[in-house]
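Please look through the sequence and the three-dimensional picture below before reading on. The paragraphs that follow will lead you from one group of side chains to the next.

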Amino acid sequence: MLRFAPSPTGDMHIGNLRVALFNYILSVQREEPLLIRIEDTDKERTIPGKEKEIFEILALFGIEYQEQQFQSNNLRFHRAMALQLLQDKKAFNCFCTPETLDAQREAAEKAKTAYRYDGACENLPPEEVIDNPNPFTIRLKKPSEAITVKDIIMGESTFAPDDIDSFILMRADKSPTYNFACAVDDMLADVSLIIRDEDHLSNTPKQIAIHRALGYTKAVEYAHLPIILNDEGEKMSQRDDASSVKWLLEEGYLPEAIANYLILMGNKAPCEIFSLKEAIKWFDLHTLSKAPARFDIDKLTFINREHLRGMDPKELSRYVGFADEEIGNLAKVFLEEAGTLKELRTKIKAIFSPKNVPDGFKAGFEVLRDLTLKAPHFDDYDAYKDYLMHHSGLKGENFFEPLRMLLSGAEHGPELGDLYPYLKNYLKEVAK
């Protein structure tokens, strides 16, 4: 079993989508099922409806899965496992108040040392635990030896017991912390490989410690993906528009192109342009670079343009608001200057909308417009152009500038002879 475990707390980040794509690819390669686990235990940050958006995005990108689960439904297991750890004396009740712990953290910060729990409640006499009326958390006892994480991408990382510390498993309100819920759920699902972002590398030894304390001996594989950087070389955050999958889609980037780019980043691929199905044939986690990958919107635009070039013209036509193969081919003519569906829609809309003609060419525009509405059908652009030139008496820029505005709605763009073959059946609609 592999798993993708997003939290419904905001728009899906491209880093999360990359994790989903890689999990899907590996699940297909290994012929193991994929579980989508919505980690919804943080009720304060959970946004209603975001879980639906997550599943819609997965479907849009062709990410198939065999099981889905909401983490909150496993609460009874989290509590049962916490009680088991208490009974086995591998965990303990901690009555330290938030104020006390905050004071200790501040003291550690002033001393410029890493904060570590001081073990105040670890060895309390049983009567002090049983008769204590104060709220308490449940902490895992600090491991007695270092834990080494063997990572497919990052290599080996060793964490000393003090690095792991006696961390909290269950909060005072009896809800599980992220690490405890995650470790228990992965164990219950019998997850064999965990692919996630590098941010989680420090969580992994804690989750291994939980597994060991619970007597779970399965060797789980790990692969932590390097972080994605923005143009400034900083980790991409919600402040970066391009970090949002939703924003990229709204800007007119195809799911196929976004997936292509995310799989390509930091990877050794046999070619630059490929589909998700093609990537499954050659993708190898072991060849991924462990260095951070910089997100390049220009590179994504290039890849998007190539996918648009390869799209069926009728399908592309529907994307720009029509259902005609000729309009799809017309849109492809604009791909020299447009790289997204949003830009293509703007180009096509300008052709079929009222034209905003510069004052110096308005008279010529009206003449050409009227002639076009009355003209016979011409298959050939040169024949159409010669007809207009002959009957209008216009020459040079006084002819070509208003003609360009008439046919394209813009002062600059592709050669009119390249546009005409796909516009000739729409001339009356274009000129009206």
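Over the ring of which residue does the charged end of Arg105 sit? The charged end of Arg105 is placed over the ring of Tyr115, 5.0 Å from its centre, where a charge sits over a ring if NZ of Lys or CZ of Arg is within 6 Å of the ring centre and within 35 degrees of the ring normal. The model is a predicted one, in which local features need pLDDT of at least 70 and side-chain atom pairs count only at pLDDT 80 or more, while totals for chains, interfaces and linings use all residues. Residues are numbered from 1 along each chain as its sequence is written, and side-chain values use heavy atoms, with hydrogens and water left out.

Arg105 also forms a salt bridge with Asp102, and the closest N and O atoms of this pair are 3.1 Å apart; a salt bridge is a side-chain nitrogen of Lys or Arg within 4 Å of a carboxyl oxygen of Asp or Glu. Because Arg105 and Asp102 are three residues apart in helix α4 (residues 98-110), about one helical turn separates them. Helices (H or I, at least four residues) and strands (E, at least two) are DSSP runs, numbered from the N terminus. Arg105 is partly exposed, with a relative accessible area of 38%, and Asp102 counts as partly exposed at 39% relative accessibility; here buried means under 20% relative accessible area, exposed means over 50%, and partly exposed lies in between (1.4 Å probe, protein chains only). A charge over a ring is found again at Tyr117, where Arg139 lies over the face of the ring at 3.9 Å from the ring centre.

By the salt-bridge rule, the count comes to 27 salt bridges. One of them joins the side chains of Asp11 and Lys50, with an N to O distance of 2.5 Å. This pair links distant parts of the chain, since Asp11 is in the loop between β1 and α1 (14-30) and Lys50 is in helix α2 (residues 50-60), 39 residues apart. Asp11 counts as partly exposed at 35% relative accessibility, whereas Lys50, at 11%, counts as buried.

Another salt bridge is formed by Glu336 and Arg309, whose closest N and O atoms are 3.6 Å apart. Here too the pair links distant parts of the chain, with Glu336 in the loop between α14 (325-333) and α15 (341-352) and Arg309 in helix α12 (residues 297-309), 27 residues apart. Glu336 is exposed, with a relative accessible area of 63%, and Arg309 counts as partly exposed at 33% relative accessibility. Elsewhere, salt bridges that share partners join Arg3, Arg37, Glu39, Asp185 and Asp186 into one network.

Arg3, a member of that network, lies in strand β1 (residues 2-4). With a relative accessibility of 3%, Arg3 counts as buried. Not counting residues up to four places away in sequence, the residues that Arg3 touches include Asn23, Leu34, Cys182 and Ile194, where contact means heavy atoms within 4.5 Å.

The structure also holds 13 aromatic pairs; rings of Phe, Tyr and Trp (its six-membered ring) pair if their centres lie within 6.5 Å, and planes under 30 degrees apart count as stacked, over 60 as edge-to-face and the rest as tilted. In one of these pairs, the ring centres of Phe55 and Tyr65 are 5.8 Å apart and the planes stand at 40°, so the pair is tilted. Phe55 is in helix α2 and Tyr65 in the loop between α2 and β3 (67-70), 10 residues apart. Phe55 counts as buried at 14% relative accessibility, while Tyr65, at 28%, counts as partly exposed. The rings of Phe322 and Phe352 also make a tilted pair, because their centres are 5.0 Å apart and their planes are at 45°. Ring pairs link Phe322, Phe352 and Tyr426 into a cluster.

Finally, consider the backbone. Most residues other than glycine have a negative phi. Lys112, however, has a phi near 55°, a positive value, and this residue is found in the loop between α4 and α5 (126-130). Lys112 is exposed, with a relative accessible area of 78%.
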